[in-house]
Amino acid sequence: MRPPVVVDAELEEILARASEGRRLTREEGLRLLKTSPEETLAVAYVAGRIARQLTGGIATYVVNRNINFTNICINSCGFCAFRQKPTSRLAYLLSPEEIANKAREAEAAGATEVCIQGGLHPEIDLEYYLSLLDAVKGSTSLHIHAFSPMEISHSSRQSGVSIKEALRLLKDHGLGSIPGTAAEILDDNVRHIICPTKLSTEEWVEIIKTSHRLGIPTTATMLYGHIEEARHQLNHLEILRDIQDSTEGFTEFVPLSFIHQNTPMHRSGLGRGGATGIEDLRLFAASRMYLDNFRNLQASWIKLGPKLAQLMLCFGANDLGGTLMEENISRCAGVNREMLTKADLERMIREVGLKPIQRDTLYNI
Ligand code: SF4
């Protein structure tokens, strides 16, 4: 696969290796994360070809609903504009029955999944999370994709049970899979600055691996475009690739481009205020090549915007994520959109020459 832009011999060799499905070294990964704009276009072109070969010319999406059950949170991550203090007039906590009502509405509208996440409420424990699952499971047949590793850690600590026991109970009560959020950048030097009270890299990895061992699949994410550098992104990708080698429990990788506008970090002048288009492209293309054991790379339209997300389908991504119905976290951070319809997603896919296919959470067609 010869790219349309002239690249140096070193990069040409990397692209050839990636095209043949051979594993890239750390040095090669770093080179991909540091390409010039012109080189990025060449890498992206090859990443797109690799994705098309892998998937046979299809791109997928899921019909789902986001439910954020509380915005009250004891943490104070610098990139988060969603969190409220318990005393805020905007603070809320939904009851399990209110959540079940939203899930029933989603099922009636054709959804196959509810994605449920919330803040770290100081007064809820594992019992609340279990009753939430019972309420949704008792009234719908939806797949429940819920609770980040940070929420798993919070619920287990609040109830004084081990992570493994918490996960086992959550699975017994209907938890189908876990969003691999709260990963941000898996490098403690970065975490100490952007989310100092969040779980450490080691804890995140342990919760994810324990979930996989218990038969609970997860996604993998990366929040990029703030203070991190290429070497931090590489450390993150390396950790994901290693976990996938040992557990095969990740269903997809979802790079999350930082929405900065209303966040505390941006207001205090910290970080670079979101990735630019060329950074987005560089990260997607490099991820497609470096994560050779991930089949699915999702372009999140809520983070990238529908137009850039569509373009990513040409440059390494093979999935557009969900319809969402009700997105709160990115909206609080400054995005002015909440949902796309099935028809919107299918049109975006068709117009880049791919065949749209609806999938479920675990990528069954
Ligand atoms: S990102 Fe999550 S844990 Fe951090 S402040 Fe926001 S709601 Fe709380």
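Which helix lies across S2 and S3, and at about what angle does it run to S2? Helix H4 (residues 96-108) lies across both strands and runs at about 165° to S2. Angles here run from 0 to 180 degrees between N-to-C directions, with axes as lines fitted to C-alpha atoms, for helices over the stretch in contact. Contact means that the C-beta atoms of two residues, placed from the backbone, lie within 7 Å.

This is a predicted model, in which local features need pLDDT of at least 70, side-chain atom pairs count only at pLDDT 80 or more, and totals for chains, interfaces and linings use all residues. Residues are numbered from 1 along each chain as its sequence is written. Helices (H or I, at least four residues) and strands (E, at least two) are DSSP runs, numbered from the N terminus.

**Sheet S2-S3-S4**

- Three strands form an open sheet in the order S2-S3-S4, and the pairing is parallel. Two strands pair if DSSP finds at least two bridges between them.
- Strand S2 (64-68) and strand S4 (143-146) are the edge strands, each pairing on one side only.
- Neighbouring strands of this sheet are turned by 20° against each other on average, direction ignored.
- S2 and S3 run parallel and are joined by five bridges. Asn-66 stands opposite Cys-115 in S3.
- Strand S3 (residues 113-117) is joined to S4 by four bridges, again in parallel. Ile-116 has Ala-146 in S4 as its bridge partner.
- S2 is mostly covered, with four of its five residues buried. Buried means that 20 or more other C-beta atoms lie within 10 Å of the residue's own; exposed means 12 or fewer, partly exposed in between, with C-beta atoms placed from the backbone.

**Sheet S7-S1-S8**

- A three-stranded open sheet has the order S7-S1-S8, with parallel pairing.
- Strand S7 (319-322) and strand S8 (355-358) stand at the edges with a single partner strand each, so one side of each has no neighbour in the sheet.
- The twist from one strand to the next averages 20°.
- Two bridges link strand S1 (residues 58-62) to S7, and these strands run parallel. Val-62 stands opposite Gly-322 in S7.
- Helix H16 (residues 342-350) lies across S1, S7 and S8 and runs at about 145° to S8.

**Buried helices**

- Helix H6 (residues 149-159) has eight of its 11 residues buried, so the rest of the structure largely encloses H6.
- The buried residues of H6 include Pro-149, Met-150, Glu-151 and His-154.
- The cover over them includes S3, helix H5 (126-139), helix H7 (163-172) and helix H9 (201-213).
- Just after H6, Gly-160 takes a positive phi of about 65°.
- Helix H12 (residues 277-290) has 14 residues and reaches 20 Å from its first C-alpha to its last, close to the 20 Å expected at 1.5 Å a residue. The expected span is 1.5 Å times one less than the number of residues.
- In H12, 11 of the 14 residues are buried, so H12 is largely enclosed by the rest of the structure. Among them are Asp-280, Arg-282, Phe-284, Arg-288 and Tyr-290.

**Ligand surroundings**

- The residues around the ligand are Cys-73, Asn-75, Ser-76, Cys-77, Cys-80, Phe-82, Arg-83, Gly-119, Leu-120 and Met-150. The cut-off is a C-beta atom, placed from the backbone, within 6 Å of the molecule.
- This shell divides into six nonpolar, three polar and one charged residue. Ala, Val, Leu, Ile, Met, Phe, Trp, Tyr, Cys and Pro count as nonpolar, Asp, Glu, Lys and Arg as charged, and the others, Gly among them, as polar.
- Met-150 of the shell is also one of the buried residues of H6.
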